[in-house]
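Student: I have a sequence and a model on my screen. Can you show me how to read the main features, one at a time?

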Amino acid sequence: MPLSIYGIRHHGPGCSKALRAALQRHPPDILLIEGPPDADDILPLIAHDDMTPPVALLVYRPDHPHRAVFYPFAIFSPEWQAARFALSRLIPVRFIDLPVAHRLADDAAQHGIAADAEQEESQPLADEPPADNEPRDARQHVDDTAGDPLTALAIAAGYDDHELWWDHQIEHRRDAAGLFEAIHSALTTLRGQSPPQSRETLVREAHMRQCIRAALREGFENIAVLCGAWHAPALNVDRHPASDDAALLRGMPKAKVVATWIPWTHDRLSFRSGYGAGVRSPGWYEHLWTAPEQVGIRWAASAARLLRDEDLPASSAQVIDAVRLADALAALRDRPAPGLDELNESVFTVLCRGEPAPMTLIHRKLEVGERLGRVPESAPAVPLQRDLEAAQRSLRLRPDPAATLLDLDLREPTGLGRSHLLHRLSLLGIPWGILQPVHGKAGTFHEIWQLQWDPEFAVRIIEAAVWGRTVASAADARARHDADAATQLSDITRLLDRTILADLPDAAAHILTALQDRAARSTDVPHLMEALPPLARIARYGDVRGSEGGAVRAIADGLFERIIVGLPPACASLDDEAAAAMLGRLRDVQEAINMLDASDWRTEWQTTLRRLSRTTHAAGGAGARHDADGPHGHVQGGCVRLLLEQDAVTADELHRLTRLSLSRAVSAQQAAAWIEGLVSGSGMVLLHHDGVWSALNGWLSELSGEAFVETLPLLRRAFADFTPPERRAMGEKAAALARSGAAHAAPVATAQPRPGAAPSLALDETRAARVLPALAKLLGVTGDRDDAQT
């Protein structure tokens with residue numbers, strides 16, 4: 001019978017070379033390929049001049065675009081090379097796998113054919129399984145069920161890894177004569193010894209046989225079938241009755257699907273992508289395909305060129321030594337030529353000098369590669385995709401799979417336009433760019449983005465197409481929808497900020513109306529505090545970006561007044577976690593005040609901070625008593641710190657607050673929490689206030705041994721976030737105070753006590769000298785102990 005079945009490994013360069021040779025020797029009059037028949041109409045685009053692999057067929061449900069499968073192709077993929085061969089000779093080409101329309105149907109799982117079923121993963125050696133809701137490659141590597149039998153063959157041949165065995169015996173094979181016959185014979189034996197196949201495999205193979213029968217009925221006399229090696233023994237139509245196949249396929253569910261071509265990347269072909277197409281090193285495979293002669297020499301030279309491009313030394317002599325070492329390793333391992341393992345070891349030893357960082361670079365850029373494919377404009381696409389492509393061209397913003405930094409000057413039209421595009425895509429859930437923090441005055445007019453294009457953004461673009469035909473209209477509609485669905489006031493203010501940055505004035509007006517309504521009804525102080533900073537940014541920087549921010553200030557004024565009124569009760573009776581969160585909100589509010597330079601706000605704010613920072617005391621024979629219903633110590637100390645940063649607290653007031661907050665009437669844990677709040681932020685501010693250090697020294701010296709042990713972890717946590725230079729300076733400060741006897745010189749020692757207050761305690765110099773070295777050690781400074789105690 002005129003039927004040739006070629007069992008191949010998907011994305012195997014050795015299989016591709018052997019297949020092209022076989023097709024040239026025996027040209028078929030039709031080529032049938034394991035692939036989605038849903039994409040037959042766009043299959044001829046493979047021959048288009050503007051089609052550059054790696055690319056992928058994307059088949060998805062238009063009503064649920066996230067339900068999709070990918071069929072990636074690289075230049076070294078056998079299917080790609082066979083299709084190009086046939087199309088260039090006007091030979092008909094068809095896909096014959098089970099249609100994706102069946103596999104994406106709602107009740108496909110009941111028939112054992114769901115495209116998101118576990119057996120559909122195409123990466124038996126992947127580092128991690130794909131998430132259930134993520135699209136994936138719909139083909140097997142050879143086939144998932146082939147893994148264990150191939151392992152048996154590999155072990156029999158002296159290999160621990162069946163992938164390595166396949167590479168050496170098939171992909172690196174120099175003489176391809178009889179290759180497909182050998183594969184067919186081996187897999188026939190293996191299938192005969194394997195457990196029964198899954199229903200999905202049986203259904204897929206039944207459909208492929210039916211497609212072969214259809215080609216025979218049409219009168220084709222020389223049929224070539226290209227499929228995964230595991231399926232090859234099952235496609236002999238004479239051994240399987242057509243009626244059985246028809247019965248197996250009868251009643252299959254079906255959904256409407258759409259197919260298109262999208263650019264792909266080598267990174268997504270690799271195993272480490274999570275659900276790649278089963279190729280560990282696509283860059284290496286491309287090298288085998290494009291440089292079949294002198295593979296080792298060219299690989300080592302490419303690695304050296306890459307290192308030199310990164311300003312790393314790599315000489316010609318080192319290239320020669322690396323090649324010689326790889327040849328020697330291959331000889332020791334009884335291999336005909338160096339493979340990737342041998343070349344990696346030699347490059348790591350010679351060119352990278354045993355350093356892992358350069359080798360990581362070689363793995364990422366050379367072994368895996370960062371190539372991004374290209375598809376012609378005639379490929380089907382939703383209008384949103386076409387609008388995005390037009391914007392990318394006009395703004396000269398080319399998609400790149402490598403991570404790059406983009407510095408935008410918002411005073412320039414191109415920079416502002418790029419900013420608007422990236423913010424609009426962010427609103428649509430397409431994170432092409434991640435906005436990076438910018439510090440200093442230049443941040444007003446600059447944005448820094450980290451850009452990295454992901455091929456799967458194609459699915460997100462299709463999903464976003466429901467909102468509009470252009471990026472601007474889709475982002476506008478999505479922003480309005482999110483504002484109407486938001487439940488928290490802070491979510492609306494952040495959305496308003498993002499919408500203004502995206503230059504969507506109509507959506508911003510809609511969100512502003514929603515914000516006014518929600519703000520009038522909101523009574524939750526923490527939510528009001530979280531909502532204020534985005535409004536402050538809009539009011540401050542709106543005009544810089546060409547947007548009107550003045551209308552926001554009235555809303556911000558109302559929020560601030562309600563925060564001032566509700567803040568004291570909101571800070572009462574908090575646990576440790578809630579207190580830390582509250583201090584973060586207090587800092588955000590103060591940052592908003594500073595951003596607006598609002599003097600009227602600042603006065604009210606400082607009065608409220610003073611009220612919160614005061615420890616509640618009651619007269620008593622045993623001294624002061626802390627009110628457990630008042631603000632948490634972390635909040636009180638943080639309020640003192642915020643006043644300190646504004647230069648709104650005098651030295652005497654700071655000393656008094658410190659002594660009261662660290663008095664014997666306050667529990668050790670509450671005092672430690674107060675210290676943690678006080679020292680939060682930059683450590684340099686504290687270095688100029690000797691009174692704080694003296695009071696801290698006095699408090700430590702008065703702690704009992706048990707209380708000190710209980711408090712030490714809290715104190716370590718309080719000082720843990722300081723940078724090493726800050727901790728070193730603090731330790732030197734503590735040592736200097738010990739040497740100079742500054743504890744007695746602190747103003748608090750001579751300050752007059754308030755009427756009715758507990759008398760000040762005199763400091764014992766000997767006891768102070770003993771505790772200050774412990775304080776220095778707490779701050780992470782190690783020095784001369786004897787010198788610290790002088």
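**Reading the fold**

Tutor: Start with two helices. H16 passes H18 in a left-handed crossing. This is a predicted model.

Student: How are two packed helices described?

Tutor: In general, by the angle between their axes and the distance between the axes. Here, H16 (residues 413–427) and H18 (residues 471–485) pack at about 45 degrees. Their axes are 9 Å apart.

Student: Why are H16 and H18 called oblique to each other?

Tutor: Angles under 35 degrees count as roughly parallel, and those from 65 to 115 as roughly perpendicular. The angle here is about 45 degrees. H16 and H18 are therefore oblique.

Student: Which residues of H16 and H18 meet?

Tutor: From H16, take Leu421, Arg424, Leu425 and Leu427. They meet Val471, Ala472, Ala475 and Arg478 of H18. By class, the contact has six nonpolar and two charged residues, and no polar ones.

Student: What else does H16 lie across?

Tutor: H16 lies across S9, S10 and S11. Its direction makes about 125 degrees with S9.

Student: How do I read a sheet?

Tutor: Strands of a sheet pair through backbone hydrogen bonds, either parallel or antiparallel. Take the sheet under H16 as a case: three strands in the order S9-S11-S10. The sheet is open, and its pairing is antiparallel.

Student: Which strands are at the edges?

Tutor: S9 (404–409) and S10 (433–436). Each pairs on one side only. From one strand to the next, the twist averages 30 degrees.

Student: How many bridges pair S10 with S11?

Tutor: Four, in the antiparallel sense. S11 covers residues 446–451.

Student: Which strands form the parallel sheet, and in what order?

Tutor: Four strands form an open sheet in the order S1-S7-S2-S5. The pairing is parallel. The edge strands are S1 (3–8) and S5 (93–95). Neighbouring strands are turned by 20 degrees against each other on average, direction ignored.

Student: What joins S1 to S7, and what packs there?

Tutor: Six bridges join S1 to S7 (residues 223–228). Tyr6 has Leu226 in S7 as its bridge partner. Helix H1 (residues 13–25) packs on this sheet and touches S1 and S7. The direction of H1 makes about 165 degrees with that of S1.

Student: What should I look for in the backbone?

Tutor: Exceptions. Most residues other than glycine have a negative phi, and most peptide bonds are trans. In this model, the bond from Pro53 to Pro54 is cis, with omega near 10 degrees. Pro54 lies in the loop between S2 (30–33) and S3 (55–61). Asp334 is not a glycine, yet has a positive phi of about 60 degrees. Asp334 sits in the loop between H12 (316–332) and H13 (340–351).

Student: Where does pLDDT stay under 50?

Tutor: Two such stretches are residues 140–146 and residues 272–276. Where pLDDT is low, the predicted coordinates should not be read in detail. The model has 26 contacts beyond four places in sequence for residues 140–146. It has 26 such contacts for residues 272–276 as well.

Student: What is the average pLDDT of the chain?

Tutor: The protein chain averages 82. Of its residues, 83% score at least 70.

Methods: Residues numbered from 1 in each chain as written. Predicted model: local features only at pLDDT ≥ 70, side-chain atom pairs only at ≥ 80, totals over all residues. Heavy atoms only, no water. Pairing = 2+ DSSP bridges. Axes fitted to C-alpha atoms, helices over the stretch in contact; angles between N-to-C directions. Contact = heavy atoms within 4.5 Å. Parallel < 35°, antiparallel > 145°, perpendicular 65-115°, else oblique. Left-handed = near helix turned anticlockwise from the far one by under 90°. Nonpolar A, V, L, I, M, F, W, Y, C, P; charged D, E, K, R; others polar. pLDDT = per-residue confidence, 0-100.
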